[in-house]
Amino acid sequence: MRIFVDHQAFSLQSRGGITTVFFELIRHLNAQPDISTDVCLGFSSTSANFEEIISPRSRVIHLGRALVQQRTLNYLANDALSGAIAPFLGKYDIYHSTLYRFLPTIRAKFRVATHHDCVPEVHPELFPDSSRIIRFKRRMFREADLILCVSAASRSDLLRFYDVIPEKAVVVHNGISQMRRQPQGEAELRAAISGDFLLYVGARYSYKNFDGLLRTYSGSELKQSYSLLVLGGGSPTAKETDLISKLDLSGKIKFVPAASDALLAEAYAQSKLLVYPSLYEGFGMPPLEAASAGCVSLVAANPATLEICRDGVFYFQLADREDFSRMLWKAVTDESERTVRVERATRLLRDYTWENCSRNTLAAYRELQ
């Protein structure tokens, strides 16, 4: 079986949930004797180390780092590159798109899309280009022979917002990469922050509700004893800096714009609590990553997080502003409940492995043959 994976997600982000999913999928597919994979990265600054997963039957087309800082321009350059080399690639059995469209120049018997979430559909007011995203997704889903949904919640949203044949939509849960502490992690963490801290990880788009966390934290007595460490997602924006100043939190929030795997693992291991306040998700990796390092999480309750995290985390209700504050305090101070949550979350991790994810993905591919 010949499989093609395109550049789209890798052109737009150097690291993140989507690129992690595809990197791990390719890693495990390359171990199968009857599978060959072609990945077209083009010009990409991805942190994924494809050199370590190359097999005799795999090929990675990577011409170097991103040509320009502007992600859209780099995306367009890689689109042009894909079109130029497509005639020389032949026809694939499976073309698996990494984002919102299928590249028209790639020839394949079957086209596969991954559906992560319907955040732009549920919260269009938070996306200036929501109508454009929805237009691209509608066309992709119409053209797809198979749609892999990362959770039952994301599948339900897909069928709610799009005219999709239900049989085409299959649930395949993501895996979770185990967080392993490394010697350099301690030094990196201490260079970033000192003392006890709460943790926020990842992007800070509007729907991630980072400003809601700042407001809740500012009104909590916890700020007297705990700083807030923010890993990844880039440097603070002018809007975030202004809000932090207005809330009198300037000495309490520590940003690390880009975190190494060693720092992330150490931060999970030493944090008192991961706070994951996102308004909506399709899956949500950080709480399970945190659990693999023994870290407790407080998570905003929405259909996907309730499905994926089950009883392994503390929850707060987004519709109740006071509940966020109450549960933040409880998740930090209730030691007996914290122990229970960690034990339950650790058991959950057995369900979310990349081996399971790749095996179920490959089974769905084979059903198309």
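1. In strand 5 (108-115), Arg-111 is the bridge partner of Tyr-95. Strand 5 is joined to strand 4 (residues 92-96) by four bridges, and the two run parallel. Two strands count as paired if DSSP finds at least two bridges between them. Helices (H or I, at least four residues) and strands (E, at least two) are DSSP runs, numbered from the N terminus.

2. The basis of this note is a predicted model, in which local features need pLDDT of at least 70 and side-chain atom pairs count only at pLDDT 80 or more, while totals for chains, interfaces and linings use all residues. Residues are numbered from 1 along each chain as its sequence is written, and side-chain values use heavy atoms, with hydrogens and water left out.

3. Seven strands make up an open sheet in the order 3-2-1-4-5-6-7, and their pairing is parallel. Strand 3 (58-64) and strand 7 (169-171) are at the edges; each has a single partner strand, so one side of each is left without a neighbour in the sheet. From one strand to the next, the twist averages 20°. Helix 3 (residues 71-85) packs on this sheet and touches strand 2 and strand 3, its direction making about 135° with that of strand 2. Axes here are lines fitted to C-alpha atoms, for helices over the stretch in contact, and angles run from 0 to 180 degrees between N-to-C directions. Contact means heavy atoms within 4.5 Å.

4. A second open sheet is formed by six strands in the order 10-9-8-11-12-13, with parallel pairing. Its edge strands, strand 10 (253-256) and strand 13 (314-316), each pair on one side only. Neighbouring strands of this sheet are turned by 25° against each other on average, direction ignored. Helix 8 (residues 210-218) packs on the sheet and touches strand 8 (197-201), strand 9 (227-231), strand 10 and strand 11 (273-276); its direction makes about 170° with that of strand 9.

5. The bridge partner of Leu-198 in strand 9 is Leu-228. Strand 8 is mostly covered, five of its five residues being buried. Phe-197, Leu-199 and Val-201 lie on one side of strand 8, Leu-198 and Tyr-200 on the other, and all are buried. Buried means under 20% relative accessible area, exposed over 50%, and partly exposed in between (1.4 Å probe, protein chains only). Towards the edge strand 13, strand 12 (residues 297-300) pairs with strand 13 in the parallel sense over three bridges, and Ala-300 stands opposite Phe-316.

6. The largest nonpolar core has 38 residues, of which Ile-3, Phe-50, Ile-94, Phe-283, Leu-288 and Tyr-365 touch the most other members. A nonpolar core is a set of buried Ala, Val, Leu, Ile, Met, Phe, Trp, Tyr and Cys residues joined through side-chain atoms within 4.5 Å. Beyond its neighbours within four places in sequence, Ile-3 is in contact with residues including Leu-29, Ile-94 and Tyr-365. Apart from this core lies another, of 27 residues, among them Leu-213, Leu-222, Ile-244 and Ala-300.

7. Helix 2 (residues 17-29) packs with helix 15 (residues 354-368) at an angle of about 75°, their axes being 9 Å apart. Helix 2 is therefore roughly perpendicular to helix 15, the word covering angles of 65 to 115 degrees (under 35 is roughly parallel, over 145 roughly antiparallel, and the rest oblique). Among the residues that meet are Leu-25 and Leu-29 in helix 2 and Leu-362 and Tyr-365 in helix 15. The residues of this contact divide into six nonpolar, four polar and two charged. Ala, Val, Leu, Ile, Met, Phe, Trp, Tyr, Cys and Pro count as nonpolar, Asp, Glu, Lys and Arg as charged, and the others, Gly among them, as polar.

8. The axes of helix 7 (residues 183-192) and helix 10 (residues 261-270) come within 8 Å and cross at roughly 75°. The residues of this contact divide into four nonpolar, three polar and four charged.

9. His-7 lies in the loop between strand 1 (2-5) and helix 1 (8-12). His-7 is buried, with a relative accessible area of 0%. Leaving aside neighbours within four places in sequence, the residues in contact with His-7 include Cys-40, Tyr-75, Asp-79 and Thr-98.
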